[in-house]
Amino acid sequence: MAFTSICSADAVGEGSMGLFQAGKKSVLLVWPAGGELKAYRGRCPHADMPLTESSFDGRKVTCLHHNWGFECDTGKCVTHAVRNALHPYPLRIDGEEIQVDLGPVREPRAKS
Ligand code: FES
């Protein structure tokens, strides 16, 4: 586990979402009304398009490329009968920062 700071703890409020960059990876933070803050990969699982073109109604994230909708508590697609889901990242609040585990850190290749 390698948690990375994404933004300040007050960058996303309840009932809103934000897209953030962590190195080469984008991270979607969504906080459903009455729910918990969640972190997902910032790309749509349908056609791997960036979720910069998306909307959020407080419960569902809709990718505007082809209008697939994802329930933000689970990341599951709710508009199409498919197993596709947003890819979740572990999330924690550390002091004044939101941190996300983006997966294993790759060691740089050794020069030969
Ligand atoms: S790329 Fe998101 S719905 Fe098609």
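What follows is a set of questions and answers on a predicted model of a protein.

The model is predicted, so local features need pLDDT of at least 70 and side-chain atom pairs count only at pLDDT 80 or more, while totals for chains, interfaces and linings use all residues. Residues are numbered from 1 along each chain as its sequence is written, and side-chain values use heavy atoms, with hydrogens and water left out.

Student: How many helices and how many strands does the protein have?
Tutor: Helices (H or I, at least four residues) and strands (E, at least two) are taken as DSSP runs, numbered from the N terminus. Read along the sequence, the pattern is β-β-β-β-β-β-β-β-β-β. The count is therefore zero helices and ten strands.

Student: Is Ala-33 buried, partly exposed or exposed?
Tutor: Ala-33 lies in the loop between strand E3 (25-31) and strand E4 (38-41). Buried means under 20% relative accessible area, exposed over 50%, and partly exposed in between (1.4 Å probe, protein chains only). Because the relative accessible area of Ala-33 is 43%, this residue counts as partly exposed.

Student: Which residues does Ala-33 touch, not counting residues up to four places away in sequence?
Tutor: A contact means heavy atoms within 4.5 Å. Tyr-89, 56 residues from Ala-33 in sequence, lies 20 Å from Ala-33 in space, C-alpha to C-alpha. With residues up to four places away left out, Ala-33 touches Glu-14, Gly-15, Gly-58 and Arg-59.

Student: Which residues does Arg-41 touch, with residues up to four places away in sequence not counted?
Tutor: Arg-41 is found in strand E4, and its relative accessible area of 30% makes Arg-41 partly exposed. The C-alpha atoms of Arg-41 and Leu-19, 22 residues apart along the chain, are separated by 9.4 Å. Not counting residues up to four places away in sequence, Arg-41 touches Ser-26, Leu-28, Asp-48, Leu-51, His-87 and Tyr-89.
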